[in-house]
Protein chains: 2
Amino acid sequence: VSPGLGIDVGGTKILAVVADDAGRIVAERRVPTPTGFAPLVDALAQIASELMLEEPAPQGAGIGIAGMVDLAGTVVYSPNLPGLRDAAIGEALAARLGVPVRVDNDANLAALAEATRGGGVGYEQVLAITFGTGVGGGLVVGGEVMRGAHGFFGEVGHFVVDRDGPMCACGHRGHWEAIASGTALGAMARTLVSSGRGAGIAAAAGGDEVAGEHVGVAAAAGDRDALELLERYAANVAVGLASLCNILDPDAVVIGGGVADLGELLMEPLRVAFDAELEGVDHRPDIALRFAALGGQATAIGAAILAGAPR
Amino acid sequence: VSPGLGIDVGGTKILAVVADDAGRIVAERRVPTPTGFAPLVDALAQIASELMLEEPAPQGAGIGIAGMVDLAGTVVYSPNLPGLRDAAIGEALAARLGVPVRVDNDANLAALAEATRGGGVGYEQVLAITFGTGVGGGLVVGGEVMRGAHGFFGEVGHFVVDRDGPMCACGHRGHWEAIASGTALGAMARTLVSSGRGAGIAAAAGGDEVAGEHVGVAAAAGDRDALELLERYAANVAVGLASLCNILDPDAVVIGGGVADLGELLMEPLRVAFDAELEGVDHRPDIALRFAALGGQATAIGAAILAGAPR
């Protein structure tokens, strides 16, 4: 299999990479994301053409998009890229590059990369989830991303865990994302500090707006409020994670996104809360909980893997 | 493919059938479920031996068990059949019958039957769910039941939709089953009647303990309290069903169990609530909602299909 060209189209920036079979990046480019379909295709064609000059030349390209991508690779809808509505972006780019172009959801491709080249290596059925601004993920079975009947399998941030809970960014109440994202951790920390507690967290922020990373700094220093907050956040993560595992029965879960930087400060309470929520835990093999290994480049690497995958 | 012998082992009774390729039952036997592993194997061998005399003779048998069944067909744990713990019941029966015996979870086999011979015929990826004493189901993709990494894929009643909600029979708080099962509908009706409302429901019960079916009778007669209760129950069903569809992206959902007898009284408010909860509903094809077609024989028919499936 020749190395593929993988492109992660985010709301603000585009990351394009050429990856080798091991998932290592051998070349990359970054540009801002332009607005609108035609300017985006122009930018992608430009950046891709440069990377097609690498040796050996990529024989295909993959694109990851934050949005709903159907089985034909059409971007049905993207909240962060409003110019893409029923957009056949893969066909448009293929016509410019002269190689096949495949398109999938960014979270699916990050999951593909983590499952096969990152934190999930060695496991057969991997649920890989990124906890960042939102919560996204995918289920990879035997090296293939599950796509569902229409391409929308694995909207793992968007199921109800708390009917009376906070609104989700998607407009539905009580979704897991609304209590488990990195954004939610930051909001929990700001609420705590506003209430007059969490002095260690506020100190870690040093005048900047309090965010999830400051909880980690304070917790690492032994701050009790920070540790308690992390325990509450870990319970929020566990309630959805165990629910997903009851439904999907993976053998490993790979946890990525900013909150993965919390390391054992998160993993220790998470493992306890997860085991307490998992169905039949006394009668079943453990589900491995692992951290992601590919960082913010996972989607681009996954797109490169998709580009080189047999069709 | 020769017809298979399918056996549904429930907590109180065993139903064994021989089914033809269309899933029609051509012979059946019912006996009470004995307690303990050896008596159960004896009873299964007896009932199966009788049905093996049918022409053409079944070339294999399938068993559906209410419990956790691993990929090897071992019954790891069954709350309703406490004598089965790490029980290789398929091997034991195969040794007695001289034909291969395969074992799966009862809800998985009911889903297999409904997806391929019942309410889901014509769809590629079918989520089939039974709303009875509990809530169980399975996802059938291209005619095959998804099993997950360990055999436990699709514990669809057991994910959290309401963290602060009622306890589930499994011992975890807030699971969908606790608010969406037929049992839950009956409990909602009894609570209403106890509060002094729901006179039409109480009248339909006519002195018997109020149950879900009485809500249907009263609602069919236009009783306003019953119709309101069904709307609340439909919302309980919808919150979990839309969540599952956001995760699993089927093209059809098949709804079985006692509550399916409610027909359009349930389906009408359910469709409205489901569409309101489904992610990206304005940008995606409809997910079909259908009623089950095989009733209480679905698991036995699914076991017969499993018996005849290629390995």
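**The sheet in chain B**

In chain B, strand 4 (residues 61-65) and strand 8 run parallel and are joined by five bridges. Within this pairing, I63(B) has V103(B) of strand 8 as its bridge partner. The model is a predicted one.

These two strands belong to an open sheet of five strands in chain B, whose order is 3-2-1-4-8 and whose pairing is mixed. At the edges of the sheet are strand 3 (25-32) and strand 8 (101-105) of chain B, each of which pairs on one side only. From one strand to the next, the twist averages 20 degrees.

Helix 1 (residues 37-51) of chain B lies across strand 1 (4-9), strand 2 (13-19), strand 3 and strand 4 of chain B, and runs at about 30 degrees to strand 2. Helix 10 (residues 298-308) of chain B lies across strand 1, strand 2, strand 3, strand 4 and strand 8 of chain B, and its direction makes an angle of about 140 degrees with strand 1.

The cysteines are the remaining topic. Over all chains, the structure holds zero disulfides. For C168(A), the nearest cysteine sulfur is that of C170(A), 3.7 Å away, whereas a disulfide requires the two sulfur atoms to be within 2.5 Å. C168(A) counts as buried because its relative accessibility is 5%, and the cut-off for buried is under 20%. C245(A) is likewise in no disulfide; its nearest cysteine sulfur belongs to C170(B) and is 15 Å away. With a relative accessible area of 0%, C245(A) is buried.

Technical notes
Residues are numbered from 1 along each chain as its sequence is written. Chains are lettered from A and ligands numbered from 1 in the order in which they are written. This is a predicted model: local features need pLDDT of at least 70, side-chain atom pairs count only at pLDDT 80 or more; totals for chains, interfaces and linings use all residues. Side-chain values use heavy atoms; hydrogens and water are left out. Buried means under 20% relative accessible area, exposed over 50%, partly exposed in between (1.4 Å probe, protein chains only). Two strands pair if DSSP finds at least two bridges between them. Helices (H or I, at least four residues) and strands (E, at least two) are DSSP runs, numbered from the N terminus. Axes are lines fitted to C-alpha atoms, for helices over the stretch in contact, and angles run from 0 to 180 degrees between N-to-C directions. Contact means heavy atoms within 4.5 Å.
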